[in-house]
Structures are given as structure tokens and as C-alpha cells.
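The sequence and structure come first.

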Amino acid sequence: MNAMRVLPLAFFIGIATALVGWWTVPVIAGVYALGRRHASAPRESLLAALLAWIVLFSRVAAQPTFSTLLDRLGKLFPIPGVGVLLLALALAAVLAWSAARVVTGFALFGKRA
């Protein structure tokens, strides 16, 4: 695993998420894994998605309405607002890992045939 691979991937995931939406996370992770074709691609995708979303949330956290949102989400779900934030980070990480894992599985399977 290399920071020179994870940081650009995190940048692309963060930009795509901000501009298009959350569903770009598995798309970018899958495309990355297809190009990388290495067993470490799912871990690299997971770390990149986690890093990208931490940066995105830290930008939003500077706004005063963010704490209000966390309070309201905490009342809506049976967990504190910070727990909802952690679940969102876990969602990004799992989306990236699973997409890259599926693509890597097919890509590595195709190499052996």
C-alpha cells in the first residue's frame, strides 16, 4: 500500500462525491481496481474513501448548522448524532472496499485463466 496511490484516489473520490454524489464512491473504486489489478486495491480504495469523506465532513463541520443536523439525526435514529456520522464514514469505506474487491476478484480470476 502506497500513499502515492491512496492520496490521488482519495482526491478523485472526494471531488466526485462533492460534485455528483455518494454513488461515485463504488464506481471510482471499481475503476481503480480494474486498472490496478492487485490484491491491495480494495484496502487502498477503503482508505481513500475514508480519507476523502473525513475531509468532506470536516469541511461541513465548520458550519454551525452541522451540529444542529447531528442533534436532529441523533433524535431520529436510536444512536447519537456522532454515531450517524461514523456510520456514514463506514458506508463510504464499505462501498469502496466491496466494489474494488468484486472487480479485483474478477480481474485476478481472469489473469489465471
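Ser45 counts as buried, because its relative accessibility is 0% and the cut-off for buried is under 20%. Ser45 belongs to helix α3. The model is a predicted one. Setting aside neighbours within four places in sequence, Ser45 is in contact with Leu9, Ile13, Ala29, Tyr32, Ala96 and Ala100.

**Overall layout**

- The protein chain has 5 helices and 0 strands.
- Read from the N terminus, its elements follow the order α-α-α-α-α.
- The C-alpha trace spans about 55 × 25 × 25 Å along its principal axes.
- Buried residues make up 36% of the 113 residues in the protein chain.
- Of the contacts between residues at least 6 apart in sequence, 74% join residues at least 24 apart.

**Helix α3**

- Helix α3 covers residues 41-61.
- Its 21 residues reach 30 Å from the first C-alpha to the last, close to the 30 Å expected at 1.5 Å a residue.
- Which residues of α3 are buried? They are Ala41, Pro42, Glu44, Ser45, Ala48, Ala49, Ala52, Trp53 and Leu56.
- As background, an α-helix has 3.6 residues a turn, so residues three or four places apart point the same way.
- Ala48, one of the buried residues of α3, touches Val6, Leu9, Ala10 and Ile13 when residues up to four places away in sequence are not counted.

- The buried residues in α2 are Thr24, Val25, Ile28, Ala29, Gly30, Tyr32 and Ala33.
- Val25, in helix α2, has a relative accessibility of 0% and therefore counts as buried.
- Beyond its neighbours within four places in sequence, Val25 is in contact with Ile13, Thr17, Ala49, Trp53, Ala92, Leu95 and Ala96.
- Val25 and Ala93 are 68 residues apart in sequence, yet their C-alpha atoms are 8.7 Å apart in space.
- Arg37 follows α2 and sits in the loop between α2 and α3.
- Most residues other than glycine have a negative phi.
- Arg37 is not a glycine, but its phi is positive, at about 45°.
- With a relative accessible area of 37%, Arg37 is partly exposed.

**Salt bridge**

- How many salt bridges does the structure hold? The structure holds 1 salt bridge.
- It joins the side chains of Arg36 and Glu44, with an N to O distance of 3.0 Å.
- Glu44 has a relative accessible area of 0%, so this residue is buried.

**Nonpolar core**

- The largest nonpolar core has 23 residues, and those with the most contacts inside it are Leu9, Ile13, Val25, Ala48, Ala49 and Trp53.
- Helices α1 (3-19), α2, α3 and α5 (81-112) each supply at least two residues of this core.
- Which helix gives the most to this core? Helix α5 does, with 7 residues.
- Two of the residues with the most contacts in the core, Leu9 and Ile13, are also contacts of Ser45.

**Leu89 in helix α5**

- Leu89 lies in helix α5.
- Is Leu89 buried or exposed? At 13% relative accessibility, Leu89 counts as buried, because the cut-off is under 20%.
- Not counting residues up to four places away in sequence, Leu89 touches Leu50, Trp53, Ile54 and Phe57.
- Leu89 and Ala29 are 60 residues apart in sequence, and their C-alpha atoms are 15 Å apart in space.

Notes. Residues numbered from 1 in each chain as written. Predicted model: local features only at pLDDT ≥ 70, side-chain atom pairs only at ≥ 80, totals over all residues. Heavy atoms only, no water. Buried < 20%, exposed > 50% of the residue type's maximum accessible area, 1.4 Å probe, protein only. Helix = DSSP H or I, 4+ residues; strand = E, 2+ residues; numbered from the N terminus. Contact = heavy atoms within 4.5 Å. Core = buried A, V, L, I, M, F, W, Y, C linked by side-chain atoms within 4.5 Å. Expected span 1.5 Å × (residues − 1). Salt bridge = Lys/Arg side-chain N within 4 Å of Asp/Glu carboxyl O.
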